[in-house]
Structure formats: structure tokens, C-alpha cells
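User: I would like to learn how to read the contact between two chains, and I would be glad if you took me through one model step by step.

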Amino acid sequence: MKWRLVTLALLGFFLTAAAVGYFFDELGLRQREGMHAKLAQAIKEPKIDTLLIGNSHLWLGLYPEVFDATMAERDIRTRSYNLSGGGLAFPEADYLIRRALNAAPCCFKYVVFEPAFFYNDVTHLPASPRSVFFFDADNALKYSGFVLNARVMSYRGPGMPRYRWDYLGNIWGAAFRHYTHFGFFHLYRQEVYSDYATDMGHRGYFPVAADFREKMKEDPAIRKQFINAVASMSKSPTLPNLVSDDQVERVLALAAFIQKKGAEAILLRAPITAGWDLDGDLIRKIRERCPDGLPILDYGDPKAYPALWKPANRRDGDHFNTRGAALWTRMIAERIADMEADGTFKTARWTSCPSKEPVQ
Amino acid sequence: MIFTDVQFYFFFLAVFAVYWAIPWHEWRKRFLLGASAVFYAAWDWRFLGLVGFVIVNTYLIPLLVARAAGPKTRQGILIVGIAVSLGVLGFFKYFNFFVDSFMEFFHLTSTTWKILLPVGISFYTFHSISYMVDTWRGKIEPTRNFTDVALYILFFPQLVAGPIVRATDLLPQMRVAKQFSAIDFRYPLLLFLVGYFKKAVVSDNLSPFVDSFFAAPAQYNGGDALIAALFYAAQIYCDFSGYTDMAIAVAAMLGYQLKPNFAHPYFAANLIEFWRRWHISLSSWLRDYLYIPLGGNRDGTLAQYRNIFITMLLGGLWHGANWTFVAWGGLHGLGLIVCHLWRKWRGTERNDPGLYSVSGHALTFLWVVFLWIIFRSPSFANLEIVLSRFGDLSLPTLLNWSHAAIIVLTMLATHIFSYRISLQKVGEKIPVKLFAFGYGCALAVILPFVNPKAAPFIYFQF
């Protein structure tokens, strides 16, 4: 009898919560969350055929208008959208790419994506609209699998999750809020579009004009930190074993999915200092796993791309300003145009790296 | 760990399951005592020793009083016991306050010690005094059962913010074995939900507006000041009565009955009535253990007014070590004296009818709200700025009107609902299955309105 009553109460709760959720969706309240608004724009915007997606380095670093103009100079017509967001984790990027490609009727050409394992912001604040919107049961399960199978989970300082159970607690806490709408009105009153309101006028790109040189002048410690980080990256040190086989497989599975949808998957490594060893280890393992497979654009070596590491082109140690963004975007577009010209995309068809995701 | 924290629900579910699974009454009480210690330790384990000391004092003094020969010896032992309990409270809560005030008065340099305020100290001190005095007065037999005394002080539903339970109410209940099947859970569950709504939805959503106003009152205008004052009146009521509702409900689910602490105070027709409806357990405690021992109304009108004033002054000080609390208590005391004078002049002990009644309600509410401004202000300097804001009566900037309207209407609805309808009767009338289903539905409707950044209960600081 008691358990029957508990079941009845739970039934009443979840039926009502589902009805409340339906009501919120009908009013478009949940869709006001920033990343979801960007995804909706990327899907709705006419003729978008190229996705540029990663975390804040790409958000402030890839300029769709410059990309399209550069491609047009090489007679390739594109209309790109920057679907990046601050601290975008790989599972979150995976979800957004799949949603965008599944929703699009056809004809995506390129998906340039950055699997930055250093960043897991969506798991840091379980009470943020972004986390609550993202973590439905499916995403919570997938992200939990990702956390449990990662070799290391980065610790970003006090107040951030440190151990795997911290991550799992935050993931399932957000999932609880997702289904119960706990604190819904308060949550969605704080953040509507915030910075995303600015970037949506630039097809997802967030322009920042600040100059890193001024910040370095003001704070010598920041200057020293940046110079030291670049110096250690320039030495091409032996990379520690940081990325698990599971993480590599997830990246390959996503790339296979993109190809299955008829687009070219291009893996991007940004010119950043934070988490560079994780990024480096991933690129090395992907290259070992499928040498003639996934096209990779690796900007992680300061010696190879000195212009990208100039403080004049940056907002801070890890983000570009508008000048740097234009420079980097142009470089990327030219490399992709080169790949089109030399037939890279035609020949690279996963012969050496079979993936879990079936490729057609 | 507060009643609106997720951790509390895990804690309570575990306590509830184990408590009712234990078949022996004495072991149940011991388990409940352990759980209460865990609950208190979750706040600050360092003060467990201090509560333990107060418990030992509370346990021993009545036994010593009972064994003592003459009335003077008994009274002496009682005074020592009370002095020990009050000494603990005085040191931890008021030491810095009095030292600072003394130094400031004589323009001396103050060296304040960093004394942490143990949570719930004002409440368990009053529990302790209540037991010692009631056994001395012969209202209750001193018990040799240490678990009972310790549980009376530590019982976690009422430990940190009351209600202030009398030993005469709780100790007899501890002697009776509880039957799970004898408890109708509908009323406590409903009461808990109402309390949760008051705290998590109304109080926590008002708190950001009130806090931002009182943090920098100079930035706001008179409209904002008015809104902030009214919101604070609503916030403190919903916060404290919400906590009390949840405390009573949690205790009831464990088989213990705690008395109500609020009876729709803002509907009071005068201040005398207000204090019979607001924080009833404190006002009745002050009446029984302070006002009556001071002489009550036995020594003539002037002495009665003096006793009222002293009682309210100390009642204000009980709330916190700050002169604003003393002023708040003193002004309430003056208000009560005016009410008594009015009644004397009108020649009636009952409330006035008709227009007098309407104006009485309005005046009482305005006076209470005005005094809440003093209560909420962190200092007299801050209070001066707040009061100066009322000179600039412009439209409020603090919030948009739709949000304000929703909050105020919700608060009024809660107040009127609980005023007009007895929750107990409602709970008992609804068929069990419908109640279970409806409870789930109601919770799902409430949760979206909860402020996830829950503020601590206001009365925890006292």
C-alpha cells in the first residue's frame, strides 16, 4: 500500500512535470538558453553549409564572413556559422553537431571541430541554464560514460569539480533540474543570451577588440606566464599519455557521423596554451590511429605559426582579438581550399581507422 | 544542512527509514539523538562539545535541586544552573557586543575577539532554562533518563531555529512508544509542502530585492524603500513560519507534536494580539520565564508597564547582539504599553469593533512593518539612510511591477489560505490515493518557482 502511494505520488509528479515542460517549450521559454539559441539560428539561417565549432578560442577566433570570403576567392561557395561557446566540452560539441546535421535537410559541406578535452564547462555549474537544458537523460548518460572512460579530467581550480564523482554529481544534478524544472524561472531570468546576443549578429562569432599587449604591460606576471607557456610548447616536448582510447574513439565516431551526413570532418587544434598537452596527445593518437584518415589542422606549434602567437593578435593568452581572428580564419579557409584542390577529401575515406559509427 | 537542501532530504529519508525500522522505543530515541548530533555537526562539529556541556548542565541541575534540602539551597542550585546556560549564551553571543559598546562609550580602543556564534544557541539555551525552571517549579518531574534530556535539547527539527519547545510538552511525549500505523502522514506532508513553498518560493524570491536595498539604500528612492520594507515583512514571516511549518511537520512524521508558532500575525488588530500570534513560543517563553518573574501585572499599572518594557527590550536583545534589535524590542514594548493604555481608556479588555478594528489592523501592520525596518538595518547609520529615502517618493526601480505583483499575491494567497482553511482538516478529508497523486502534482508545479540559490533561514543567525 505504502509503495503504491509513493508510486502514485511519483506518477503525479512526473506527469505534471512533463506537462509543465511541454508548456514551457510551447512558450519557447527553455529555448532562450544561449547555446540552444545559437543552434536554432544555425539550423534556421538559410544556406548554412559549414559549421565551425569548439570552445571560446574558436568562438572569438573564427570569423564566418572572413571564412566565406576567403573560400570564395578560391571559387568555393560556403556560408559558415560559428557554433562555438565558452568552455564547450567535447560531448556538448558532439551533441550540437549531431543536432545540427540531423536537422538540416542536406548539403553540409564542412564541419570544423575542436575536441578540447581540457574544457568541461557544462559540468561545472549544474544550476546554469546551459547545463540544465543540455543534460537530458541521454546526454547525462553519454557524458557520464565520457567522464568514466576519460584518462584524466582536468581540474580548473577551487569551486570546480575535482573528482569523477563531482562531475557525475553535477551531471545528474543538472538532469534532475532538467526534468523537474527546479528553479526554472529564477534560472532563466539570469541568462538569456548574454554574450550570445552579440555573436548572433555575426553568425555566431564573438568579436573582441582588446589588445593583449596592453594587458601584458599592466601585469608583468601575465606576460611572464604567456612567454613561459609559449616557450615550453615551442620545445616540442614528449607528450604525456593523457587521452584514453575511448576518447579517441568518440572523436572518430563523430567524424564518421559527419562524413555519413555528406560533410567533410576537419579536426582543429587551436593555438592555445591551456590544455595544450591534452590537445597534443589527442592529435598524436589520432594520427597513429588513422594516418590517412581524418584531416587535421594543427595550430598548436608556436614555431610553425608565429603570427598566431603574437600578442598583438590576441585578447589574452588563449583568445584572439578581431585582428587575430581574421588572420587565423583566413589561414584555416586557405588550408581547407588547398585540401579541396589536392584531393585530400576525396582520398581520405577511413581506410585505416574503422569506427563504431557505420560509414556509408 | 537546511530543510530546503537536497542533503537534508537524503538525511531525513535515512533517519525516517531507520527510526521506524527500530522496534524498541528507547533505541529509537537513542538513534534520534545520534541523528540530531549528526544534523548539528553538519553545521559545525566543533560546537557539539558546547551543546554537550549545556545538556549535562541541564540534566544535572534538576536532579541536584530535587535532592537538595531547603528551598534556598534549591533556588541557589537553580540560579547556578541558569547562570551556566546564560553564561554560555552571553559569552558566545554578547561578549564582543558588550565589550565593543563599553569601549565605544568610553572612547577606548577595542580589541574584539573572533568568537563564532554557535548556530541555535539562543534556542537551546531557552530549552535548557525552561526545563530547569519547570522542574524547580514542580511542573514536571526531573528525569533520570539522560537520553530524554539530551534529545529534548538536541531534537533536530527544532534545534537550530525553534519553535522553543517546553519540557512539559516534549518530555511526556518521549515516554510514550510511537506507532507508525497511528500516524496520519497527510497533515505533516501538507504542512511541509506549505512551509517549503513559503520559504523556497516566497521568501527566497523576495530576499534578493530586500538584500540589495539594505546593502546600499542610498542608491534607491522612497518607492524602493517602501517595497523593500513590505517585502521584508513578507520575507521574514514566510521564512520563519515556513521553517516552523517544516519543523513541526518533520517532528510529526517522527511521532512528536510541536505546538504552532504562528497564527496569522499580520491579521492582528493590535500589538497585544500580534505578539500572541507572532513567534508564539518565544513570546510565551518570555511571559512565563521573564515577565511573570519580574512581577507581571501584580504590582500595579506602572510596574506592569515597566515589566513589559524590560521584557520586550530583552526579547529584542535575544534576537542578536546589536543595538538595532534592542531598539526594535524597546519600541515594541512602547507600542504594547500604548495598547494597554488605550484599552484602559476605552475601558475594555477586548478588541474594538467596527472602524476602530479596521484602523487597529492597519495601524498595527504599519507599526510592525516600520519596526521591521529597524530590525533589518545592520546599524543605526544604515537605518538613517533607509529612513531618509522615504522623503523621495518616486516609482520604485528595484523590480518590475509584474514580478512584484506575483510575489505579493502569492504571499497574500498563502497567508489567507492558511488563515481560512485548517490544513489538518484539508489533509484528513482528501482520500489517501488522491492525496498521494495530488501531492506529486503540487510539488511539480511549485519547483519551477523555487529560487535555487537558497538563502539560510533568517532566524538561524539568532
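Reading a chain-to-chain contact

Analyst: We can begin with the contact as a whole, keeping in mind that this is a predicted model. On the side of chain B, 20 residues are in contact with 23 residues of chain A.

User: How much area is buried between chain B and chain A, and what share of it do carbon and sulfur atoms give?

Analyst: About 1800 Å² is buried between chain B and chain A, and carbon and sulfur atoms give 77% of that area. As for polar links between chain B and chain A, there are two residue pairs in polar contact, both at pLDDT 80 or more, while the count of salt bridges is zero.

User: Which element supplies the largest share of the side of chain B that touches chain A?

Analyst: The largest share comes from α19(B), with nine residues, and by class this side of chain B has 14 nonpolar, four polar and two charged residues.

User: How should I describe the packing of two helices, and at what angle do α1 of chain A and α19 of chain B cross?

Analyst: In general, two packed helices are described by the angle between their axes and the distance between the axes. Here, the axes of helix α1 (residues 2-26) of chain A and helix α19 (residues 432-446) of chain B cross at roughly 35° and come within 7 Å, and the crossing is right-handed. Among the residues that make this contact are Leu5(A), Leu8(A), Phe13(A) and Val20(A) from α1(A), together with Val432(B), Phe437(B), Gly440(B) and Leu443(B) from α19(B). By class, the contact of α1(A) with α19(B) has 15 nonpolar, three polar and one charged residues.

User: How many salt bridges does a search of the whole structure find?

Analyst: The general idea is that side chains of opposite charge can pair when their charged atoms come close. Over all chains, the search finds 29 salt bridges. One example joins the side chains of Lys142(A) and Asp138(A), at 3.2 Å from N to O; these two residues both lie in helix α7 (residues 137-149) of chain A, four residues apart, about one turn of the helix.

How values were computed: Residues are numbered from 1 along each chain as its sequence is written. Chains are lettered from A and ligands numbered from 1 in the order in which they are written. This is a predicted model: local features need pLDDT of at least 70, side-chain atom pairs count only at pLDDT 80 or more; totals for chains, interfaces and linings use all residues. Side-chain values use heavy atoms; hydrogens and water are left out. Axes are lines fitted to C-alpha atoms, for helices over the stretch in contact, and angles run from 0 to 180 degrees between N-to-C directions. A crossing is left-handed if the near helix is turned anticlockwise from the far one by less than a right angle, and right-handed if clockwise. Contact means heavy atoms within 4.5 Å. Ala, Val, Leu, Ile, Met, Phe, Trp, Tyr, Cys and Pro count as nonpolar, Asp, Glu, Lys and Arg as charged, and the others, Gly among them, as polar. Buried area is the accessible area (1.4 Å probe) that two parts lose on being put together, summed over both. A salt bridge is a side-chain nitrogen of Lys or Arg within 4 Å of a carboxyl oxygen of Asp or Glu. A polar contact is a pair of N or O atoms within 3.5 Å; within protein, one must be able to donate a hydrogen and the other to accept it, and residues adjacent in sequence count only if both atoms are side-chain atoms.
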